[in-house]
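Here is a short tour to read with the model open beside you. Take it one topic at a time and follow along on screen.

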Amino acid sequence: FSNKGDKIPVSFQLTDAGSQWKIRNINVSGIDLGLQFRNQFAATVQRNGGNLDKAIANFKPDADAAVNKK
């Protein structure tokens, strides 16, 4: 629920990992969090010249960026 008491739609994508379920993706009020973080990581890889190790070391996901883009 929001501060005003409105319902906020949330959906989950789950995957069967054998003995347990794992969350694959979350969508909150139309914002695909998996896609947002994939796009942010892709931009980090590009900024680091395609060097994955350097991109991983420098990756700082920004949840606020996903909300502010909508």
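Let's start with a pairing you can find quickly: valine 10 has valine 28 of β2 as its bridge partner. Keep in mind that this is a predicted model. Valine 28 also has a bridge partner in β3, namely isoleucine 31.

- The 3 strands form an open sheet in the order β1-β2-β3, and their pairing is antiparallel.
- At the edges are β1 (10-16) and β3 (31-32), each of which pairs on one side only.
- Between β1 and β2, the antiparallel pairing runs over 7 bridges.
- One of the bridges to β2 joins aspartate 16 to tryptophan 21.
- Strand β2 covers residues 21-28, and its antiparallel pairing with β3 has 2 bridges.
- Opposite asparagine 27 you will find aspartate 32 in β3.

**The two hairpins**

- β1 and β2 make a hairpin with 4 residues between them, and glycine 18 in that turn has a positive phi of about 90°.
- β2 and β3 make a hairpin too, with 2 residues between the strands.
- Serine 29 sits in the loop between β2 and β3, and its phi is positive, near 50°, although serine 29 is not a glycine.
- For context, most residues other than glycine have a negative phi.

**Leucine 14 and the nonpolar surface**

- Leucine 14 belongs to strand β1.
- Setting aside neighbours within four places in sequence, leucine 14 contacts Trp21, Lys22, Ile23 and Arg24.
- Leucine 14 and isoleucine 26 are 12 residues apart in sequence, with a C-alpha to C-alpha distance of 9.0 Å.
- Which residues make the nonpolar surface patch? They are Ile8, Val10, Phe12, Leu14, Trp21 and Ile23, and the patch has an area of about 640 Å².
- Two elements, β1 and β2, each give two or more residues to this nonpolar patch.
- β1 gives the most, with 3 residues.
- Phenylalanine 12, one of the patch residues, lies in strand β1.

**The aromatic pair**

- How many aromatic pairs does a search of the whole structure find? It finds 1.
- The pair is made by phenylalanine 41 and phenylalanine 59, whose ring centres are 5.2 Å apart; their planes stand at 90°, so the pair counts as edge-to-face.
- Phenylalanine 41 has a relative accessible area of 26%, so it is partly exposed.
- Phenylalanine 59 is partly exposed as well, because its relative accessible area is 24%.

Terms used: Residues numbered from 1 in each chain as written. Predicted model: local features only at pLDDT ≥ 70, side-chain atom pairs only at ≥ 80, totals over all residues. Heavy atoms only, no water. Pairing = 2+ DSSP bridges. Contact = heavy atoms within 4.5 Å. Patch = residues over 30% accessible without salt bridge, like charges linked within 9 Å, V, L, I, M, F, W, Y side chains within 5 Å. Areas by Shrake-Rupley, 256 points an atom, 1.4 Å probe, with all protein chains shown as cover. Salt bridge = Lys/Arg side-chain N within 4 Å of Asp/Glu carboxyl O. Phe/Tyr/Trp six-rings, centres within 6.5 Å; stacked < 30°, edge-to-face > 60°. Buried < 20%, exposed > 50% of the residue type's maximum accessible area, 1.4 Å probe, protein only.
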